[in-house]
Amino acid sequence: RAARNARGWEVGAAAFAPSKRAVEALQRTGIAIDTQELALYYVHGDAVESLPEGAINGGGTALCDCEMMVFQGKGSSTTNILTLQGHPEFSHGLTEHLLHQMREKGTISESEYKYAIGSLDDVAVAAVSACREKVARLCLELVARVTHAR
């Protein structure tokens, strides 16, 4: 179950450490996460309040306890669904553009906007850039394994 995040919007660049259980679940599927931290661009105001049956919390940030979820189907020992709150498909420019629009429309407060823009420093952008490629490979590998298993 997901609902509006009582802690507010998660916007800008943020990172989280994948949970040990999620890493192990992906490894059972033959997929290795080769990073201690996943950094992505975020534009979301919701949060997972309770996990569905078979889902594993993949790790969280200070604003959102569940940034990634891996799901093993009933009776399956391998992962067949991966969800992310972050947006590996977003670029720095798109994230910045969305933040400006959200501030102009009053969707996020001025303090949320300043925090988000401040999170888009060179170090964060480099980390997100490296993780976007890792997440893309992870997703493609998962799709290939799930498709092949059918």
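Residues are numbered from 1 along each chain as its sequence is written. Because the model is predicted, local features require a pLDDT of at least 70 and side-chain atom pairs count only at pLDDT 80 or more, whereas totals for chains, interfaces and linings use all residues; side-chain values use heavy atoms, with hydrogens and water left out.

The chain has an average pLDDT (the predictor's confidence in each residue, from 0 to 100) of 87, and 92% of the residues score at least 70. Secondary-structure elements are DSSP runs numbered from the N terminus, with helices (H or I) of at least four residues and strands (E) of at least two. Confidence is highest in helix 2 (residues 92-105), with a mean of 96, and lowest in strand 7 (residues 79-84), with a mean of 81.

The largest nonpolar core comprises 33 residues. Such a core is a set of buried Ala, Val, Leu, Ile, Met, Phe, Trp, Tyr and Cys residues joined through side-chain atoms within 4.5 Å. Burial refers to relative accessible area with a 1.4 Å probe and protein chains only: under 20% is buried, over 50% exposed, and values in between partly exposed. Val11, Met68, Val70 and Leu99 have the most contacts inside the core. At least two core residues come from each of strand 2, helix 1, strand 3 (38-44), strand 6 (68-72), helix 2, helix 3 (110-118) and helix 4 (122-149). In soluble globular proteins, nonpolar side chains tend to be buried together.

Val11 belongs to strand 2 (residues 10-16) and is buried, at 6% relative accessible area. Contacts (heavy atoms within 4.5 Å) of Val11 beyond four places in sequence include Tyr42, Val43, Leu99, Met102 and Ile108. The C-alpha atoms of Val11 and Ile108 are 9.0 Å apart, although the two residues are separated by 97 positions in sequence. For Met68, contacts beyond four places in sequence include Phe16, Ile33, Leu38, Ile56, Gly58 and Leu82.

Gly58 is situated in the loop between strand 5 (55-57) and strand 6, and its relative accessibility of 0% makes it buried. Outside its sequence neighbours within four places, Gly58 contacts Phe16, Ala17, Pro18, Ser19, Ala22, Met68 and Met69. Val23, 35 residues away in sequence, lies 7.7 Å from Gly58, C-alpha to C-alpha. Ser19 occupies the loop between strand 2 and helix 1 (20-28) and is buried at 18% relative accessibility. A polar atom of the Ser19 side chain lies 2.7 Å from the backbone oxygen of Asn57. Apart from residues up to four places away, Ser19 touches Ile56, Asn57, Gly58 and Gly59.

Thr95, in helix 2, is buried with a relative accessible area of 0%. A polar atom of the Thr95 side chain is 2.9 Å from the backbone oxygen of Ser91. Contacts of Thr95 beyond four places in sequence are with Gly12, Tyr41, Phe90 and Leu120. By contrast, Ala6, in the loop between strand 1 (2-4) and strand 2, is exposed at 83%.

Arg103 lies over the face of Tyr113, 3.9 Å from the ring centre; the criterion places NZ of Lys or CZ of Arg within 6 Å of the ring centre and within 35 degrees of the ring normal.

Terms used. A polar contact is a pair of N or O atoms within 3.5 Å; within protein, one must be able to donate a hydrogen and the other to accept it, and residues adjacent in sequence count only if both atoms are side-chain atoms.
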